[in-house]
Structure formats: structure tokens, C-alpha cells
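Dear colleague,

Please find below the structure that I am handing over to you. My notes on what was found in it follow directly after.

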Amino acid sequence: GGHHRPNHHARLSMMIFRSLEWIIGERTGTPDALFARRMQTRIPSFTDEFMQSTPLTRIRDIAHRNDIPQDLKREIKHTIQNKLHRNAGPEDLAASESLLRRIMDNRHEYNENF
């Protein structure tokens, strides 16, 4: 599989919706138009909430900080950032919670701003 931002599927959904709109407009009253109208109700949402590409920006910024150890940066990138790009599952949330707990338990090892 490819490596896409979370909003990739929402953009694809919007393109499909627009194509279906074209079919409905061009072929009104035909079985194609009826099928297209039915398909529109089954494609994923592409509202603003799903079109934003910014949620991962904060995680990427953290993973690229210069005031934290290289191994922690690498772990953040591999355990959180890359997984979220690929629609992380519940196990990734558990890994993120574990990483955060470990950082909070040892916060004296990191820059105060971190």
C-alpha cells in the first residue's frame, strides 16, 4: 500500500461524488443516474473535518524538535507519526499512551519546554 495523508481518502471521495453528479446530470432518468444517486449515499464523507491535513503537523513538529534525544524522536516518528498516516488502530493508541506515560515519568530527562 501507499503512504497517504489522512485526508487522501476524503479527497478521493469528493472526486467520486463529483463524477457521480456528472452522471446524474447527464443521464437523468436512466438506470445509470439511479445507480449513481444510490452510490452517492455510500461513499465516505469529505466534509471539512475530514479534509484537513493538519492533525499530524503537531506530531511531526514534535518528532523534529532539536531539544529531545534522537532515539525519542525516532520512536515518536515510528510509533505515532507513521502509523497515523496509515489509519492507526487501537494497538497504536496503546503504544502512544505508553510512550507518553514513559516521557511523563521521566520528564526531568527532557527540556522543560518539551
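Glu-75 counts as partly exposed, at 29% relative accessibility; the term covers values between buried (under 20% relative accessible area) and exposed (over 50%), taken with a 1.4 Å probe and protein chains only. The partner of Glu-75 in a salt bridge is Arg-102, and their closest N and O atoms are 2.5 Å apart. A salt bridge here requires a side-chain nitrogen of Lys or Arg within 4 Å of a carboxyl oxygen of Asp or Glu. This pair links distant parts of the chain, since Glu-75 belongs to helix H5 and Arg-102 to helix H6, 27 residues apart. Arg-102 is also partly exposed, with a relative accessible area of 37%.

Please note that this is a predicted model, in which local features need pLDDT of at least 70 and side-chain atom pairs count only at pLDDT 80 or more, while totals for chains, interfaces and linings use all residues. Residues are numbered from 1 along each chain as its sequence is written, and side-chain values use heavy atoms, with hydrogens and water left out.

The count of salt bridges comes to three. One of them joins the side chains of Arg-27 and Asp-32, at 3.1 Å from N to O. Arg-27 is partly exposed at 33% relative accessible area, and Asp-32 is partly exposed at 40%. Another joins Asp-67 and Arg-65, at 2.5 Å from N to O; Asp-67 is partly exposed, with 26% relative accessibility.

As to the overall fold, the protein has six helices and zero strands. Both are DSSP runs numbered from the N terminus: helices are H or I runs of at least four residues, and strands are E runs of at least two. Of the 114 residues, 25% count as buried.

Which residues make up the largest nonpolar core? The nine are Ile-59, Ala-63, Ile-68, Leu-72, Ile-76, Ile-80, Leu-99, Ile-103 and Tyr-110. Such a core is a set of buried Ala, Val, Leu, Ile, Met, Phe, Trp, Tyr and Cys residues joined through side-chain atoms within 4.5 Å. Helices H4 (55-63), H5 (70-85) and H6 (90-105) each supply at least two residues of this core, and H5 gives the most, with three.

Ile-80, one of the core residues, is in contact (heavy atoms within 4.5 Å) with Ile-59, Glu-75, Ser-96 and Leu-99, leaving aside its neighbours within four places in sequence.

Yours sincerely
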